[in-house]
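Take the points in order and find each part as you go.

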Amino acid sequence: MAVRQDTIWERFLSPVVRLLIDEEGLRRYADSIDWEKESDRFRREDVIMPPYYISQNFHGITGGYLKSSAAVTYDPITQYVLPPNETIVRQALIDAIKVQPRRILDLGCGTGSTTLMLKQAFPEAEVIGLDLSPYMLVRAEDKARTAGLDIVWRHGNAEKTGFSDASFDLVTASLLFHETPNAVSQTILRESFRLLVVGGQVLILDGNQKTLRQLDWLNDVFEEPYIREYAAGNIDASMGAAGFEAVRTQDVWWTNQVTSGVKPIPAKDTTIQKNVTRYSVTSRDNTIDNNDLEGLESPAFGVMA
Ligand SMILES: C[S@@+](CC[C@H](N)C(=O)[O-])C[C@H]1O[C@@H](n2cnc3c(N)ncnc32)[C@H](O)[C@@H]1O
């Protein structure tokens, strides 16, 4: 798809944001990293790039996220497009966590802004950030190192992560679903369901679908090839279709929303139901490959107040 030069972003907002951004500082940062060498540390040959991801530009960047420039410019711009404040919006996802997770997977983690907050909120948990772009992972790793946070960064596709069944207590995705076709979002929700232990929670933070439908012009602000499709959809319904229960969407200001769902206890599985009541936090899985929580006594969480 050709880059649209006539978006509101290109015409009005980009010049304003450029005034606010320290472009010289960004250039220095970009030049300080050997992006190809660093991204090669993450790149996995078995990761196949899905067509929707490589056939479109995102945010006016030709090549989308498979460019170091995407990783360098993402944070400086994102801080201005999440009103009233980026941290407040991301904190809404953290505040919606109802489990005490030992193992957390952040899908489409990008430069890791939410992933870092997850690790800060649950320092004892093993936190993994997964993304299709090895360049975004380079930036994420750098941020985690600066913050002194031990997070695992993994190159992968959220549709098919390769992790074992029931190996996470919490699966999150922030600002991912407005960038994926609805069919892909549905596949990611089904994958999240598979990855969660019974009683585990999924949380999706993204643009407010109601607002995006009512204010259609907002969809023209950025070059977001799938945002209209996202706005027309319904994350609650998609979560229900993936098998989640206790599905709830909460507005985060008028611009964003966070949707929560829980993997239900199978009605007839009395063993699991018995173990739920016996649960206590006793162990933590420390290795990325030994990631099967199914053998543990119970859902790997305690419900928080
Ligand atoms: C808008 S960014 C959001 C990044 C981050 N979660 C945040 O909140 O700032 C979307 C990210 O999703 C990644 N992505 C898109 N499709 C993906 C998929 N199928 N699997 C994994 N990552 C994906 C992109 O590479 C990009 O880093």
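1. The shell has 23 residues, and the ones that come nearest the ligand are Tyr65, Gly108, Gly110, Ala158 and Ser174. Sorted by class, there are 11 nonpolar, nine polar and three charged residues.

2. Keep in mind that this is a predicted model. The average pLDDT is 84, and 77% of the residues score at least 70. Residues 1-5 fall below 50, and that stretch has nine contacts beyond near neighbours in sequence. Residues 276-305 also stay under 50, with 59 contacts beyond four places in sequence. Where pLDDT is low, the predicted coordinates should not be read in detail.

3. Now the overall picture. The protein has 13 helices and seven strands, and 41% of its 305 residues are buried. Take the contacts between residues at least 6 apart in sequence: 73% of them join residues at least 24 apart.

4. Which residues have the most contacts inside the largest nonpolar core? They are Ile104, Leu105, Leu107 and Val171, in a core of 63 residues. Strand β5 (residues 196-207) gives the most to this core, namely seven residues. Have a look at Leu107 in particular: leaving out residues up to four places away in sequence, Leu107 touches Leu130, Ala158, Val171, Thr172, Ala173, Leu176 and Ile188.

5. Back to α7, one of the elements from point 1. Why is α7 described as largely enclosed by the rest of the structure? Seven of its nine residues are buried, so there is your reason. The buried ones are Ser113, Thr114, Thr115, Leu116, Met117, Leu118 and Lys119. Their cover includes the helices α5 (68-78), α6 (86-95) and α8 (134-147), along with the strands β1 (103-107), β2 and β4 (168-174).

6. Gly129 is worth a stop too; you'll find Gly129 in strand β2. Is Gly129 buried or exposed? A residue needs 20 or more other C-beta atoms within 10 Å to be called buried, and Gly129 has 29 such neighbours, so Gly129 counts as buried. Setting aside residues up to four places away in sequence, Gly129 touches Asp106, Cys109, Gly112, Thr115, Ala140, Ile151, Trp153 and Arg154.

7. Last stop, strand β7 (residues 256-262), where seven of seven residues are buried. Both faces are covered: Asn256, Val258, Ser260 and Val262 sit on one side, with Gln257, Thr259 and Gly261 on the other. β7 pairs with β5 in the antiparallel sense over seven bridges, and is joined to β6 (residues 245-252), also antiparallel, by six bridges. Finally, β6 and β7 form a hairpin with three residues between them, and Trp253 in the turn has a positive phi of about 55 degrees.

Methods: Residues numbered from 1 in each chain as written. Predicted model: local features only at pLDDT ≥ 70, side-chain atom pairs only at ≥ 80, totals over all residues. Near = placed C-beta within 6 Å. Nonpolar A, V, L, I, M, F, W, Y, C, P; charged D, E, K, R; others polar. Core = buried A, V, L, I, M, F, W, Y, C linked by C-beta atoms within 7 Å. Buried ≥ 20, exposed ≤ 12 C-beta atoms within 10 Å, placed from the backbone. Helix = DSSP H or I, 4+ residues; strand = E, 2+ residues; numbered from the N terminus. Contact = placed C-beta atoms within 7 Å. pLDDT = per-residue confidence, 0-100. Pairing = 2+ DSSP bridges.
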